[in-house]
Every structure is written in C-alpha cells, then in structure tokens.
Amino acid sequence: MADAFTHFGGIDFSGAREPLANLWSAVGVEENGKLRITSVRPHAFRADLGGFVLEGWKNAGGRSPERNPGEERILWGANFPFGLPAAFRTATGAGQSWLKVLEWVADRPADEVRQHAGDAARATRATDTSGVLAPLDLRLYKQTVEGFRWLQQLREEGEVSIVPTAPSSAPVTLIEVHPSATVIDLGLPRRRAPARPGEIRARAAALRPFMEFASPECESLVVTLEDAWDAAIACLTAWHCRDDLGQPFRSGRAGRTEVEHEGWIYRAPMAIS
C-alpha cells in the first residue's frame with residue numbers, strides 16, 4: 001500500500017470559531033529522495049479543507065506523468081487527536097468501537113463532550129507518549145471534538161482510510177501526527193515564530209536535507225508563518241511514515257485492541273525503537 005502513495009499532505013488543524021486564519025494545508029511529492037512542497041495554503045472553513053483533502057489536492061501540482069489520475073493516492077498527516085482513551089468510553093457509554101465513539105462525539109458540542117467525560121477528560125491514551133496533552137485537556141478539547149466532527153464529515157462525503165483505526169483501500173489516507181515531535185526527532189529549529197532574518201534563514205537551511213519547494217512563495221510561507229510551518233512539518237511526517245503505517249503495531253507500546261480503539265501519533269520511523 002505504501003508504494004501506491006503519489007502525494008503527501010499535511011494539515012495544521014484548528015478547532016476555533018470560523019472563519020479561520022490558522023487552518024493550513026501543505027501538499028508535496030517525493031522527488032530526488034526529498035519531499036517537494038508544491039502547495040501551501042490557508043482554509044477559512046473546515047468544510048473547505050475537507051473538500052481539498054478529498055479532491056482538491058489533485059490540482060495542487062506535482063502530478064506524475066507516469067500515473068493516470070485514478071492511480072494517484074495521498075497520505076495526509078493531521079495534528080489533532082484521532083482517538084480517545086478507554087476511560088472516556090467507560091465514563092460516557094459512547095460505545096466500544098472507534099466508529100461508535102466517533103459518531104457519539106461528532107454529534108455533540110465540545111463542552112457537552114467534556115462534561116460527560118468527567119474525570120476521564122484528564123486521561124491520556126495508552127498509545128500516547130509523555131508530554132502529550134490529554135485529548136480532552138482544557139487546552140485541546142475543542143480542537144479534538146471539531147477534529148472528530150471533521151473526520152465524520154469526511155467519511156460521509158468521500159472515501160477515506162483512517163489509519164490505524166479505520167483502514168481501507170481508499171485513495172485518501174489520514175494519520176495523526178505531532179509536528180512538535182517531528183521537529184525534535186529531525187533536529188529542526190524549535191523556536192516558535194521566527195522574529196529575525198537570521199532565524200528565518202536558519203529554518204530554511206535546516207529543511208534542505210529533507211524538503212524542497214516548487215516556488216519561492218511556498219518556501220517563504222513555510223519558514224515565516226507558524227501555521228504554514230506546522231502544515232509542512234505534518235506533511236514531512238507523513239512522507240517519512242509512507243513505508244511505516246504498521247508503526248503502532250511494531251512499536252510494542254500498546255496492544256492491537258488499544259491501538260485500533262485509541263489511535264496512534266505517527267512519528268518519523270527512526271524515533272520509534
């Protein structure tokens with residue numbers, strides 16, 4: 001399945017009130033052993049992002065002349081929790097399968113979801129690493145719930161494979177990623193929002209071993225705007241994981257049932273022992 005991916009995408013998601021200024025996507029292709037970013041763009045509405053994730057990416061550049069349009073496949077990395085801990089299922093009675101929990105959460109406002117969770121709102125997933133916020137933490141719960149609602153809408157509007165919780169042979173595959181972890185794993189600059197020209201140049205230089213850009217405009221957006229940077233790093237993470245979608249099962253960190261119910265944050269393969 002990994003060999004079928006012709007494109008890679010990254011999403012810097014937002015659960016804030018629409019219209020949005022901090023919802024961005026990046027799309028790229030593999031070229032000369034690197035990721036070549038062909039598109040970086042904002043999305044004012046999550047529905048607009050959904051349409052782009054399902055179909056719009058096909059017009060974002062980088063089409064392979066050797067491939068027919070029907071053979072093109074994309075692996076997206078998105079930076080919001082795709083799953084909730086077992087404690088949430090117990091506290092709410094939302095259901096035992098990932099799909100049942102998805103439907104239950106997507107049908108409710110964020111504040112109601114967190115209220116039903118009770119003490120489970122502070123629980124992390126068995127698949128989470130130290131330092132990761134609980135999906136329903138006060139700083140994250142609105143993004144988590146909006147993310148669930150967005151995933152449910154994607155499933156209703158098109159064919160998508162959500163790995164590892166709802167895999168399929170669909171041409172569009174999504175995985176959960178954490179750009180902050182990728183920055184550490186790859187030794188990229190960790191300072192947020194570069195303030196001086198030297199910091200911007202340092203970001204550009206640090207990306208060169210991994211990433212190229214189809215235009216100076218794409219590069220400028222990525223190295224200067226934090227949301228564009230996170231979208232590009234999410235895309236880079238997806239590219240690194242293209243041959244490692246079985247990562248949660250080879251890691252041994254959690255059992256298959258836990259992974260399939262709670263999801264997994266994908267990281268660059270070299271970071272997973």
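# Notes on a predicted model

Colleague: Quick one on N32. Is N32 buried or exposed?
Modeller: N32 is exposed, with a relative accessible area of 69%. Keep in mind that this is a predicted model.

Colleague: Where does N32 lie?
Modeller: N32 sits in the loop between β2 and β3.

Colleague: What is its phi, given that N32 is not a glycine?
Modeller: The phi of N32 is positive, about 55°. Most residues other than glycine have a negative phi.

Colleague: On to peptide bonds. Which form does the bond from E18 to P19 take, cis or trans?
Modeller: The E18 to P19 bond is cis, with omega near 0°. P19 has its place in the loop between β1 and β2.

Colleague: And what joins V163 and P164?
Modeller: A cis peptide bond, with omega about 10°. P164 falls in the loop between β5 (161-162) and β6. Most peptide bonds are trans.

Colleague: Now the helices. Which residues of helix α1 are buried?
Modeller: Helix α1 covers residues 46-54. Its buried residues are R46, L49, G50, F52, V53 and L54.

Colleague: Which residues make the contact?
Modeller: From α1, R46, L49, G50, V53 and L54. From α5, E146, W150, L154 and E157. The residues of that contact divide into five nonpolar, one polar and three charged.

Colleague: What about α3 and α5? At about what angle do they pack?
Modeller: About 110°, with their axes 8 Å apart. That makes α3 (residues 98-106) roughly perpendicular to α5. α3 passes α5 in a left-handed crossing.

Colleague: Which residues in α3 meet α5?
Modeller: W98, L99, V101, L102, E103, V105 and A106. They meet V145, F148, R149, L151, Q152 and R155 in α5. The residues of the contact of α3 with α5 divide into nine nonpolar, one polar and three charged.

Colleague: How are α4 and α5 set to each other, oblique or roughly perpendicular?
Modeller: Their axes come within 9 Å and cross at roughly 110°. α4 and α5 are therefore roughly perpendicular to each other.

Colleague: And which residues in α4 meet α5?
Modeller: A110, D111, V113 and R114. On the α5 side they meet Y141, K142 and V145. The residues of this contact divide into four nonpolar, no polar and three charged.

Colleague: Is C218 buried or exposed?
Modeller: C218 counts as buried because its relative accessibility is 8%, under the 20% cut-off. C235 counts as buried too, at 0% relative accessibility.

Colleague: A couple of threonines now. Where does T92 lie?
Modeller: In helix α2, which spans residues 86-92. T92 counts as buried, at 16% relative accessibility.

Colleague: What does T92 touch, not counting residues up to four places away in sequence?
Modeller: W104, H116 and A117. T92 and H116 are 24 residues apart along the chain, yet their C-alpha atoms are separated by 5.9 Å.

Colleague: And T127, where does that lie?
Modeller: T127 is in the loop between α4 (110-117) and α5. T127 counts as buried, at 2% relative accessibility.

Colleague: Which residues is T127 in contact with, leaving aside neighbours within four places in sequence?
Modeller: R253, A254, E258, V259, E262, G263 and W264.

Notes. Residues numbered from 1 in each chain as written. Predicted model: local features only at pLDDT ≥ 70, side-chain atom pairs only at ≥ 80, totals over all residues. Heavy atoms only, no water. Buried < 20%, exposed > 50% of the residue type's maximum accessible area, 1.4 Å probe, protein only. Helix = DSSP H or I, 4+ residues; strand = E, 2+ residues; numbered from the N terminus. Axes fitted to C-alpha atoms, helices over the stretch in contact; angles between N-to-C directions. Parallel < 35°, antiparallel > 145°, perpendicular 65-115°, else oblique. Left-handed = near helix turned anticlockwise from the far one by under 90°. Contact = heavy atoms within 4.5 Å. Nonpolar A, V, L, I, M, F, W, Y, C, P; charged D, E, K, R; others polar.
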